[in-house]
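Open the model in your viewer and keep the sequence panel beside it. This tour goes from one selection to the next and says what is there.

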Amino acid sequence: MEGKEFEIIFVSFDRDEEKFNEHFKCMPWLTIPFDANLHKRLSDLYHVDRIPSLISLSSDGISVEEDLVGLIEDYGAEAFPFTKNRREELKAADEAKREGGKLEELLAHQGRNYVMSSDGREVSVSKLIGKTIGLYFGAHWSPPCRAFTSKLIEAYNELMASSDQDLEIILVSTDRDLKEFELNISCMPWLAIPYQDKTRQDLCRIFDIKVIPALVLIGPDGKAISTNGKAMISLYGAKAFPFTEFRIKELEAALRKEGEALPPQVKDIKHDHLLKLDMAKAYVCDYCKKQGRFWAFSCGVCDYDLHPTCVEKSF
């Protein structure tokens, strides 16, 4: 951090001096000599109960903030001077980006005002204003992400085929390296934050992404609609657009009405046991072999499911 009155001092917890020397030679800062007793006294003084730990001291040696490892991981050099006031400033800036309705502040970064397509084209963030945006957090190495990508592509292509659905998806990659990222985006029909850009990490922090895949939905006004877009797409596919609470309630009401119109149980001529009406997120019909969602007639004795449209009642 050029121009800042700041220094790091390494306090080793290595098992012996040889490992300490090997560890320290890759560090650009200072250290205290290898001394287990001194290290223990410092640990007790600053209440260090885990490693890595980073304790910030003022010029008089007084600790001015709790362990800073998480703060550095989240904000890097922007966290300086590592005070509670600075932490609150950074959190307020994140909230402003999340709730402020300004897409360019959320997606652009210093020297970059674009996102990229799978073929390397630069698409200005300004062209996305007024659209519904899905921020897709995922990685190619993750099997759940690859499975969800297929569902999202299906919904995306269906919506893109309809001229009145103004939607764009942007990949926020959590891939382990550039090669993996390029493989990931190559099979996607949408846009991405450049892999080298720290905005990827910023967006994970701003929307508190802990698990992938995740889909954060941004409304045409630039404000977050939902962080639960994965569940919406998994349940309803393209029908969930524009992903508002009102739209989801409409779909839920339509499902209830559909279920109320079906009998609670049926005896089908193709099966020996009584079939009961059941709600299933996804299943494969044992008659037509096609995938179904929501309402099914299921056997409580054996693993057998029928689409409501495939039922042939016995009398």
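**Stop 1: the domains.** Colour the chain by domain: domain 1 covers 9-96, domain 2 covers 101-251 and domain 3 covers 262-306. Keep in mind that this is a predicted model. Now select the C-alpha atoms of domain 2 and domain 3: the centres of these two domains are 35 Å apart.

**Stop 2: the largest pocket.** Select Ile 9, Val 11, Ser 53, Leu 54 and Ile 55. Of the 35 residues that line the largest pocket, these five lie nearest its centre. The space in this pocket comes to about 1,100 Å³.

Which elements each supply at least two residues of this lining? Show β1 (9-10), α2 (36-45) and α3 (69-75). Of these, highlight α2: with three residues, α2 gives the most to the lining of the largest pocket. Then colour the lining by residue class. You will find 24 nonpolar, eight polar and three charged residues.

**Stop 3: the second largest pocket.** Select Leu 235, Tyr 236, Gly 237, Arg 293 and Phe 294. They lie nearest the centre of the second largest pocket, which has a lining of 21 residues. About 610 Å³ of space lies here.

Why does this pocket lie between domain 2 and domain 3? Both domains give residues to the lining of the second largest pocket, so the pocket lies between them.

Next, show the elements that each supply at least two lining residues: α6 (143-160), α9 (229-236), α10 (245-260), β11 (275-284) and β12 (291-299). The largest share comes from α9, with five residues. Colour by class again: the lining of the second largest pocket has eleven nonpolar, three polar and seven charged residues.

**Stop 4: Phe 294.** Stay at the second largest pocket and pick Phe 294, one of the residues nearest its centre. Phe 294 sits in strand β12. Check its backbone: phi is near 70 degrees, a positive value in a residue that is not glycine. Most residues other than glycine have a negative phi. Is Phe 294 buried or exposed? Its relative accessibility is 14%, so Phe 294 counts as buried, the cut-off being under 20%.

**Stop 5: His 47.** Move to the loop between α2 and α3, where His 47 is placed. Here is another residue with a positive phi that is not a glycine: His 47 has a value of about 55 degrees. His 47 is exposed, with a relative accessible area of 66%.

**Stop 6: the cis prolines.** Stay in the loop between α2 and α3 and select Pro 52. The peptide bond that joins Ile 51 and Pro 52 is cis, with omega about 0 degrees. Now jump to the loop between α8 (199-206) and β8 (214-218), and pick Pro 213. The bond from Ile 212 to Pro 213 is also cis, and omega is near 0 degrees. Most peptide bonds are trans.

**Stop 7: aromatic pairs.** Show the aromatic side chains. The structure holds 13 aromatic pairs. Begin with Phe 6 and Phe 82, a tilted pair: 5.4 Å centre to centre, with 50 degrees between the planes. Phe 6 lies in the segment before β1, and Phe 82 in the loop between α3 and α4 (84-99), so the pair ties together parts that are 76 residues apart in sequence. Phe 6 is partly exposed, at 33% relative accessible area. Phe 82 is buried, at 4%.

Go on to Tyr 136 and Phe 148. Their rings form an edge-to-face pair, 5.6 Å centre to centre and 65 degrees between the planes. Tyr 136 belongs to strand β5 (residues 132-138) and Phe 148 to helix α6, so this pair ties together parts twelve residues apart in sequence. Both Tyr 136 and Phe 148 are buried.

Then select Phe 10, Phe 20, Phe 24 and Phe 34, which ring pairs link into a cluster.

**Stop 8: charges over rings.** Select Arg 200 and Tyr 195. The charged end of Arg 200 sits over the ring of Tyr 195, 4.1 Å from the ring centre. Finish at Lys 270 and Tyr 287. Here the charged end of Lys 270 sits over the Tyr 287 ring, 4.6 Å from its centre.

Definitions and conventions. Residues are numbered from 1 along each chain as its sequence is written. This is a predicted model: local features need pLDDT of at least 70, side-chain atom pairs count only at pLDDT 80 or more; totals for chains, interfaces and linings use all residues. Side-chain values use heavy atoms; hydrogens and water are left out. On a 1 Å grid over the protein atoms alone, a cavity is a set of points where a 1.4 Å probe fits but cannot get out, and a pocket is an open set with protein on both sides within 12 Å along at least five of seven lines; lining residues have an atom within 4 Å of a point. Grid points are joined across faces, edges and corners, and a volume is the space filled by probe spheres set on the points. Helices (H or I, at least four residues) and strands (E, at least two) are DSSP runs, numbered from the N terminus. Ala, Val, Leu, Ile, Met, Phe, Trp, Tyr, Cys and Pro count as nonpolar, Asp, Glu, Lys and Arg as charged, and the others, Gly among them, as polar. Domain bounds come from an automatic or database domain assignment. Rings of Phe, Tyr and Trp (its six-membered ring) pair if their centres lie within 6.5 Å; planes under 30 degrees apart count as stacked, over 60 as edge-to-face and the rest as tilted. Buried means under 20% relative accessible area, exposed over 50%, partly exposed in between (1.4 Å probe, protein chains only). A charge sits over a ring if NZ of Lys or CZ of Arg is within 6 Å of the ring centre and within 35 degrees of the ring normal.
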